[in-house]
Amino acid sequence: MNDSTAHSTALVTGANKGIGREIARQLAAAGLTVLVGSRDPGRGRQAVEEIGGRARLLELDVTDPGSVAAAASQVEHLDVLVNNAGIMVDGRTPPEADTASFRRTYETNLFGVLEVTNAFLPALRRSAAPRIVNISSGTGSLTWSADPGHQFAVANGSGAAYRSSKAALNALTLFYAQSLAGDGFKVNALAPGLRRTDLNERAAAAEGDPAEAAAGAVRLALLPDDGPTGGFFSWDGTVAAW
Ligand code: NDP
């Protein structure tokens, strides 16, 4: 993968701001052609300008199957898919948290990933070294969620809909990794750490810079052929607990 980086193409979903825009910027700086996924073409175009390099807009709403199909029909060949688009809309836990907030969260964070990944699989299969990176969360770790002393303990917020959507995304990562292992795919999930973005108001006082998290995603996006698959990694490359 690494010696052909300059000829590779990557798609980053939800790349008009936050961690996704930074992942797109770093991949473009590494010489890849980057498709900047955005559901809003105006903000997407602005991000393309900021990202520079060989970036171009791909209009894509991950919750809209028509939008996903239309986007996939424009892409013949893809080397890297970064499923980054995500939402956190409800900080509650059951019994207060209701099915509506779970459904809404899952539409983006889980079903969106399934829809996008399946739609772009034909293009990824044309790559000599296909890579899929799912942007998960430390709050999706059941091990850490259950540990009262851990930074990502349930008591520290984020809500059950968001946490369980990321736990399910981790499971999905494992399923894709195993079913695509024979075809040269590397499929991994990333816990990017708490970052200052619109999604995470709590992050202002936490680790901070989205660029650090993006570097972790880029590492997984450019894994060599002997790299891991079916893993869950923290932004700094250490193994995260499922
Ligand atoms: P932001 O809110 O800054 O960015 C989220 C991006 O996802 C935006 O571009 C947004 O687009 C896009 N998006 C949301 N819904 C859709 C959709 N239906 N279709 C297409 N794009 C969509 O958040 P972050 O950068 O913080 O989050 C990026 C990822 O990182 C998420 O998966 C999040 O769960 C994960 N994460 C973030 C952490 C943090 O501390 N920030 C910690 C752990 C994980 P739009 O501008 O149109 O809304």
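Let's start at the ligand: helix α1 gives the largest share of the shell around it, 3 residues. A helix here is a DSSP run of H or I with at least four residues, a strand is a run of E with at least two, and both are numbered from the N terminus. Residues themselves are numbered from 1 along each chain as its sequence is written. This is a predicted model, so local features need pLDDT of at least 70, side-chain atom pairs count only at pLDDT 80 or more, and totals for chains, interfaces and linings use all residues.

Stay with the ligand. Both α1 (18–29) and α4 (99–124) supply at least two residues each to the shell. There are 29 residues around the ligand, and Gly14, Gly18, Gly86, Thr197 and Leu199 come nearest. To be near, a residue has its C-beta atom, placed from the backbone, within 6 Å of the molecule. By class, the shell has 10 nonpolar, 13 polar and 6 charged residues. Ala, Val, Leu, Ile, Met, Phe, Trp, Tyr, Cys and Pro are the nonpolar ones, Asp, Glu, Lys and Arg are charged, and the others, Gly among them, are polar.

Now the whole chain. The protein chain has 7 helices and 7 strands. Along the sequence they run β-α-β-α-β-α-β-α-β-α-α-β-α-β. The C-alpha atoms fill a box of roughly 50 × 40 × 30 Å along the principal axes. For 242 residues, a compact globule would have a radius of gyration near 18 Å, and this chain agrees at 17 Å. That radius is taken over C-alpha atoms, and the globule rule is 2.2 Å times the number of residues to the power 0.38.

Next, the inside. Buried residues make up 50% of the 242. Buried means 20 or more other C-beta atoms within 10 Å of a residue's own, exposed means 12 or fewer, and partly exposed is in between, with C-beta atoms placed from the backbone. The largest nonpolar core has 59 residues, and Val34, Val36, Val82 and Ala217 have the most contacts inside it. Such a core is a set of buried Ala, Val, Leu, Ile, Met, Phe, Trp, Tyr and Cys residues joined through C-beta atoms within 7 Å. In soluble globular proteins, nonpolar side chains tend to be buried together.

Take Val82. Beyond its neighbours within four places in sequence, Val82 is in contact with residues including Ala10, Ile23, Val133 and Ala217. Contact means C-beta atoms, placed from the backbone, within 7 Å.

On to helix α6, residues 160–180. Is it enclosed or open? 15 of its 21 residues are buried, so α6 is largely enclosed by the rest of the structure. Ser158 has a positive phi of about 85° although it is not a glycine. Ser158 counts as buried because it has 22 C-beta neighbours inside 10 Å. In the loop between α6 and β6 (186–191) we find Phe185. Phe185 is also buried, with 22 other C-beta atoms within 10 Å. Setting aside sequence neighbours within four places, Phe185 contacts Pro130, Ile132, Leu180 and Thr229.

Compare Thr143, in helix α5. Thr143 has 11 C-beta neighbours inside 10 Å, so it counts as exposed. Not counting residues up to four places away, Thr143 touches Ala241 and Trp242.

One last spot. Which peptide bond is cis, with omega near 10°? The one from Pro94 to Pro95. Pro95 lies in the loop between β4 (80–83) and α4.

Technical notes
Contact = placed C-beta atoms within 7 Å.
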